[in-house]
Amino acid sequence: MRAVASLLGVLLAMPAIAAPVPADCMQGLLERLGWRFTDASISTPVVQGGPVCTRADLQDARAHGDLQVVLPLQLDPPSRTALMQQLLDDPATLCAYAMRVGDAARQAAHALEDNEGYRFSGLQLGWIGFGLRGAADQGWERTRSFGRGYQPVARNSAAMDAFYHGAVRSECGVGRQVAQLATQRELHGDAGFDQAFTAGEVSIGTFVGLHDTDSILLGRQATEPFADGKAVRTAAMGRQAFMGAPGYITHAFGRDTLDDLNNQAENFIVVDVGAEAAEALRVHGGLGWYDERNQALWALSGQIPRRGVRFFERLLAERDPSLRASLTADEAALVARMDALLDDPFYRQFLIFVHPRGIKPIGFHIARLLDRNPRTPFTVELTMHTLHTSLYRRWQQAQLRHCAVTGMPGSLTSDSGSQGAPRPGPPTQR
């Protein structure tokens, strides 16, 4: 755990709030994140952070005695302020924040999944298609030709509503960007999202095009990036460290092995990780071990003749009983070996959002891609992100700034979420 705490300390080694912030504001934010404060006749504060990133939720963390501070009855104001700043930078606080990111990612993913008007690329005039209503009517203005770049024309939250409720088309790369931005919208609430980010920071478009913008995802404002492609460090931190993280499933062999270019990769954000999946990732040191399992699945699939549409999706993900009944004895033996591989908790409990497939276990996508591109196995990677660095600091500063200005330690917006869209319930393994 010391190594994990050290790593999280590095992630948080960034400039603190520029203007002085009252200690009450800092304590109020810490309490909303789950810290509990008590007083006692002691001379030095006692802090019990705990391995919060390994817990299922805040209730689980509290049940294990995490996030507790005992304060001396006589603690002078400078010492109290210093302690509160120390706790804001504590690895346990970052993990408590990551739980909020997970809630926000699930809310955002459900809202996007439930919008039947948000569809995959088809007949459209550009990279992103806003249909007959057009971009401006749905809150966006074009920044690059051929629909390759847009930014909000007014309120950021109103622009995001185009993907919650409007008629829009994009491929899965933009879908991942939208899911990342929608996560920030849910995390900050509508008012906070509008205030905390400029229009340029909420840019969407081609990945390459975003590099020349102020995008908070891939542009000039994406400072302090955290790179952990095979999730070695993320797996060591614990399940909550994966929440909201972006990534992609991509072909392991060259483009000449692709049969379906529209399915050469699947971009995602992580929305949930079960306890068994988190432990499996920790034990196996991240995603690299599963690339080997993916290759084994691919090799076995090559020995089973496909028949009918979505053959492996129905056979392995849906486990269609009628299709399985049609297998020969030799084929059934091969499928049993594939089932054993896919029964690993990672494939069942690592839930991702992929546009337009919605929220599903990663095993579903690995099986589906055996149909789409049977001549190559697929690998899984996380992409660079700033959830634990600059985006965390941005959220923290927005909360503290609101309190410092208003004198109210409460949240900038209601903890129930933003007001721009209905809030669906918790995710299910669909």
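R55 has a relative accessibility of 13% and therefore counts as buried, where buried denotes under 20% relative accessible area, exposed over 50%, and partly exposed the range in between (1.4 Å probe, protein chains only). The structure is a predicted model, in which local features need pLDDT of at least 70, side-chain atom pairs count only at pLDDT 80 or more, and totals for chains, interfaces and linings use all residues. Residues are numbered from 1 along each chain as its sequence is written, and side-chain values use heavy atoms, with hydrogens and water left out.

The side chain of R55 meets that of D66 in a salt bridge, with an N to O distance of 2.8 Å; the term stands for a side-chain nitrogen of Lys or Arg within 4 Å of a carboxyl oxygen of Asp or Glu. This pair links distant parts of the chain, since R55 is in the loop between β2 (46-48) and α3 (58-63), while D66 is in the loop between α3 and β3 (68-72), eleven residues apart. Helices (H or I, at least four residues) and strands (E, at least two) are DSSP runs, numbered from the N terminus. D66 is likewise classed as buried, because its relative accessibility is 1%. In general, side chains of opposite charge can pair when their charged atoms come close.

R282 pairs with E279, and their closest N and O atoms are 2.6 Å apart. Both residues belong to helix α11 (residues 275-284), where three residues, about one turn of the helix, separate them. R282 counts as partly exposed at 45% relative accessibility, and E279 counts as partly exposed at 38%.

The salt bridge between D343 and R319 has its closest N and O atoms 3.2 Å apart. Here the pair links distant parts of the chain: D343 is in the loop between α15 (329-342) and α16 (345-349), and R319 is in the loop between α13 (311-317) and α14 (321-325), 24 residues apart. D343 is partly exposed, with a relative accessible area of 37%, and R319 is partly exposed at 32%. These two residues also belong to a network of salt bridges that links R319, R324, D339 and D343.

V309 is located in the loop between α12 (288-301) and α13. Its relative accessibility is 65%, so V309 counts as exposed. V309 and D371 are 62 residues apart in sequence, whereas their C-alpha atoms are 8.2 Å apart in space.

A disulfide is a covalent bond between the sulfur atoms of two cysteines, and the criterion applied is a pair of cysteine sulfur atoms within 2.5 Å. A search of the whole structure finds two disulfides. One joins C25 to C403, with an S to S distance of 2.0 Å. C25 lies in helix α2 (residues 23-32) and C403 in helix α18 (residues 390-406), so this pair ties together parts that are 378 residues apart in sequence. The torsion about the S-S bond of C25 and C403 is about -80 degrees, which means that the disulfide is left-handed. Both C25 and C403 are buried.

Another disulfide joins C53 to C95, with an S to S distance of 2.0 Å. Because C53 lies in the loop between β2 and α3 and C95 in helix α5 (residues 91-114), the pair ties together parts that are 42 residues apart in sequence. Its S-S torsion is about -95 degrees, so the disulfide of C53 and C95 is left-handed. C53 and C95 are both buried. With bonded cysteines counted along the chain, the disulfides follow the pattern 1-4, 2-3.
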